[in-house]
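Let's take a friendly walk through this model together. Have the sequence and the 3D view open side by side, and follow along from one residue to the next.

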Amino acid sequence: SGDGAAIGSAVHAVLQGVDLSTGLGLTGACAVQAAAEGVGGRTSLIEKLCRSALESDVIKQAAGRQHWREVYVGVPDDDRVLEGFIDLLYEDGDGVAIVDYKTDSWESDTDLDSKVERYRVQMQAYARAIRASVGRPVTAAVLLFLNRGSAAARMVEV
């Protein structure tokens, strides 16, 4: 729908600030961000998407470890710099794991696979940037596709 980008922005904003372990204040944060993005009527959808993230195994794992949100990265790419924000970075054994939230809808596993393929370059760039800037291995790169039910986590080879 035409509200997709605004809904995605609201979800990202909520997940940037809410307590990953408890989800405390989730409902209020969703209402605030929905209003800020001009999609106040979609508050319950935004909350469902956020809840699917908080209930996912990868977020539960990250919540119990040292983690950072909205980590800026810039990586040289030919004669330009690719810039972005990693939604979630967390300690994972000898390295760090990258998580990127996606609010795209999908119809089937095949549809989801093609979306994973489309985001692969972005995740590889994030991994290169992390390895170059902090000198640590990237142990996992996870695309977390949020939906009304349970989130779908997809690993990307980096």
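Arg118 is exposed, with a relative accessible area of 52%, where exposed means over 50%, buried under 20% and partly exposed in between (1.4 Å probe, protein chains only). Its side chain meets that of Asp104 in a salt bridge, 3.2 Å from N to O; the term stands for a side-chain nitrogen of Lys or Arg within 4 Å of a carboxyl oxygen of Asp or Glu. Asp104, by contrast, is buried, with a relative accessible area of 16%. Asp104 lies in the loop between β3 and α5 and Arg118 in helix α5, so the pair ties together parts that are 14 residues apart in sequence.

A word on what you are looking at: this is a predicted model, in which local features need pLDDT of at least 70 and side-chain atom pairs count only at pLDDT 80 or more, while totals for chains, interfaces and linings use all residues. Residues are numbered from 1 along each chain as its sequence is written, and side-chain values use heavy atoms, with hydrogens and water left out.

Asp104 also takes us to the largest pocket. Which residues lie nearest its centre? They are Leu45, Leu49, Thr103, Asp104 and Ser105, out of a lining of 13 residues. Helices α1 (4–17) and α3 (43–54) are the elements that give two or more residues to this lining. On a 1 Å grid over the protein atoms alone, a pocket is an open set of points where a 1.4 Å probe fits, with protein on both sides within 12 Å along at least five of seven lines, and lining residues have an atom within 4 Å of a point. The space in the largest pocket comes to about 360 Å³, and its lining divides into 5 nonpolar, 5 polar and 3 charged residues.

Now step back to strand β3 (residues 95–102), where 8 of 8 residues are buried. Helices (H or I, at least four residues) and strands (E, at least two) are DSSP runs, numbered from the N terminus. Within this stretch, the side chains of Asp100 and Lys102 meet in a salt bridge of 2.7 Å, N to O. Asp100 has a relative accessible area of 3%, and Lys102 one of 9%.

What runs beside β3? Strand β4 (residues 138–145) is parallel to β3 and joined to it by 7 bridges, with Ile98 opposite Ala141. Together with helix α5 (residues 109–134), β3 and β4 make a right-handed β-α-β unit: with the strands pointing away from the viewer, the path from the first strand over the helix to the second runs clockwise.

Strand β2 (residues 80–92) pairs with β3 in the antiparallel sense over 5 bridges; pairing requires that DSSP finds at least two bridges between the strands. Leu88 has Val99 as its bridge partner. The two strands form a hairpin with 2 residues between them, and Gly93 in the turn has a positive phi of about 60°. β2 also pairs with β1, again antiparallel, over 10 bridges, and there His67 stands opposite Tyr90.

Finally, Asp92 forms a salt bridge with Arg65, with the closest N and O atoms 2.8 Å apart. Asp92 lies in strand β2 and Arg65 in the loop between α4 (57–63) and β1 (67–77), so this pair ties together parts that are 27 residues apart in sequence. Asp92 counts as buried at 19% relative accessibility, whereas Arg65 is partly exposed at 32%.

Note on methods: Points joined across faces, edges and corners; volume = space filled by probe spheres on them. Nonpolar A, V, L, I, M, F, W, Y, C, P; charged D, E, K, R; others polar.
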